[in-house]
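Here are some friendly notes to read beside the model. Please keep the structure open as you go through them.

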Amino acid sequence: MVIRIIIAIFVLNSALALSFRDALNAYNKRQYRQSIKILQKLSRGNIKFYTDEALILISKNYEKLGELKNANMIRNFMIQRKYRVEHNEVKKALTGKSDIDDLDELSQGLLKVYYTMLSSRYQIYLKRKTKKNKDIVIRFAELLVEQDYKADKAQMILDIFQKEEQRIKDAIYHKKYFVLASYGSWQDEIILIDNSNGDEREINSTAEGTLLFAGMTYGNAHHEYRFQLGLGFGAATVGEDSANFDYFQTSVGETLFSFTSGYLIKTSDNVAIGVSVPIIFRIGDFTEPENFTIEQGTVITTGLLAHFVWNINKYFLDMEFGKVMKFRSTFINVGIGYQF
Amino acid sequence: MFNFRCLIIAIMTFMSLGAIAYPNFIGYSYQSCITCHYNPYGNGPLTDYGRALGATVVSSKEILKESLSDEDRSEMSSFLYGSYKGDTIKPHANYRGLYYKTDIGSENSQAEWINMMANVGATIRPTQNDNFFIVASIGYAPEPSNKVAGEEQSTFRSREHYVGLRLNKAHGVYAGMMDKIYGIRVPDHNSFSKTATNLTMNDGAHSLLYHVTKEKFDFGFQYFLGNLSQDEDVRPVGWNTQFEYSLNNLNRVGFSYLAQSNTYSSQNMWALHWRAGILKGSSLMAEFGRVTKEFDSADPKTSEYFFLQNHILLKRGLFALITFEQFKDDIEDTAKTLKLGPGLQYFPFQSIETRIDLYNLRSISEENYSNDTWSIAGQVHIWL
């Protein structure tokens, strides 16, 4: 008799184990309704006889079928059946009435249910990206990280959110204003025309001075457009390249007006590198020798400059250099600015 | 047995704590040279940590990207790409070659390849740690361009040989032939901050150096007798000091002073310097200094220089850099020279550095006008 009972229990257990496996196989084959039927058969239709594994599987099936209400009902039943007291404490923490950090170590079974809820809620969030859904997912993920239950997977979800937030934040365009004072140097040339025969002579000069700018940047974390208005005062040494002609002046006053527009890519939060196109109006106080006419004493010109900006808090170092047409050599501008 | 994983973790930890580094590496939050170099002011052989840092954080991963992890790279960063051992003797080799073309576009343009240095040497650690060590390097050095007429100089010389003793974490004493501590120790030997101060690669001296390092500052004092291989009358004897203070882990300000003299001349100079990290490897470095030189037969003359160099980390191993310098040979005079040098620096693989700089040189004077000149410098640097 005893042997028969043992054999019966063994056969029954084998049948149960096999059936649960069948339910799992059906779930894996996406036969969700079939999987539920097997599980119902296993428990003779009474929810009280479901094991935790069976309940989790049945809730997953409902979820896949889109019957979220049923899925939640199953999970809530599991929680109420075994973890009511713990869950009440968790609810307080999740609603902000207490700190997640203050929770005691929760039961593994409860954490398993929470993990299922996290996965489920995350799937729901991916379909409907509402703030409410996101907040729920974040709360469950933070709880699991704190409880160190599948923390890596929960953290992965938190990281995805963080990256998403950062991406959104980085894409936002801001308008900022700045002032800049800089040291500039340039070499340009004037043309002296001999009134008697029309001969032209190129006279070169080197100038240096102070440039003041006010401008605006419009950009996000990846790139920016830069516009600036500038006023510069310089002193030039004007010489002559021709051995048979004598023209030499020092401390010749030059005034520069400029409008520069640029495009810079940010290699990091604080460093930008790009190009600028200035439009420069330069006036020079060159002395006109008797019987000669000066050309290019006043010029309007443009060019292409390499432009670099390093930000340190509100201050920045600004460097520009490159070619300006009608100027003989590199236009150099190095300055320190303040961003409002 | 050296633990490479620990080393990688240590590198990452120090980076995040901003503990230590090498001039422009303040961009990675490294502020002082002592962790990466045996010499607390940089230059010379690297410590194990410095080698591993060079192999991982500094160098590109593009070559053998799939087959070598950072841990592997760290492991093979010892001599001749070998792995670490708790050696008493740590050999090193160092080569730097320079291609230099001057006056580009002019009839006077000249180009040459210069073997700047080819050193071999060793760091001997009798106690098998970095608290007590002997550093010696010998090798080829090109003849200086300003060599004394009629004086034959050997092209093989000892670059450095000194004994270092760290009394504890904070205090260290060094004695022997080494570089003088002054200003920001950039490797640009043609910069005005090096040429005006007479602190280029072969201006080391037999000296005694005392160094203190704390979380917030580094202080050094050095007394030197000049290079003892030189004749006594031309050998400059003097002292120098440097103080660097951290405003935070990304900003360091400093002051340097040096006074020296020989039978015929005396020189004293000071500099203010600033290094700032702009994060993710980018940095700003600036130095302003004055040098007063007095010869027996002439009035003293004071020169002034300004050095500004910016590194931009474009991707791991690749930097864009811009150097802007100004030099006044005589502060009483209005004439000055400007130098602008955009460049690229690339570490394609561990222990290999390549660099190219384009220099635009401009003279500004009330006496005359002169055209800008252009030159180009390409460098290959290999350290094993």
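1. A word on conventions. Residues are numbered from 1 along each chain as its sequence is written, while chains are lettered from A and ligands numbered from 1 in the order in which they are written. This is a predicted model, in which local features need pLDDT of at least 70 and side-chain atom pairs count only at pLDDT 80 or more, whereas totals for chains, interfaces and linings use all residues.

2. Chain B has four helices and 16 strands (DSSP runs numbered from the N terminus, H or I of at least four residues for helices and E of at least two for strands). Its radius of gyration is 21 Å, close to the 21 Å of the globule rule for 384 residues, so chain B is as compact as a globular protein of that length (taken over C-alpha atoms; the rule is 2.2 Å times the number of residues to the power 0.38). The C-alpha trace of chain B spans about 65 × 45 × 45 Å along its principal axes.

3. Of the 384 residues in chain B, 41% are buried (20 or more other C-beta atoms within 10 Å of the residue's own, with C-beta atoms placed from the backbone).

4. Where the chains meet, chain B brings 24 residues and chain A brings 28 (residues are in contact if their C-beta atoms, placed from the backbone, lie within 7 Å). On the chain B side, β12 (301–315), β13 (318–328), β14 (336–349) and β15 (352–364) each supply at least two residues. β12(B) gives the most, with four residues.

5. Chain A is assigned domain 1 (2–170) and domain 2 (174–339), with bounds from an automatic or database domain assignment. The C-alpha centres of these two domains of chain A lie 68 Å apart.

6. Do look at helix α7 (residues 131–147) of chain A. Which of its residues are buried? In α7(A) they are A:V137, A:F140, A:A141, A:L143, A:L144 and A:Q147. They cover an arc of only 160° around the axis, which puts them on the same side of α7(A) (the arc is that of the directions from the helix axis to the C-beta atoms). What covers these buried residues includes α5 (84–94), α6 (108–127) and α8 (151–171) of chain A.

How values were computed:
Buried ≥ 20, exposed ≤ 12 C-beta atoms within 10 Å, placed from the backbone. Contact = placed C-beta atoms within 7 Å.
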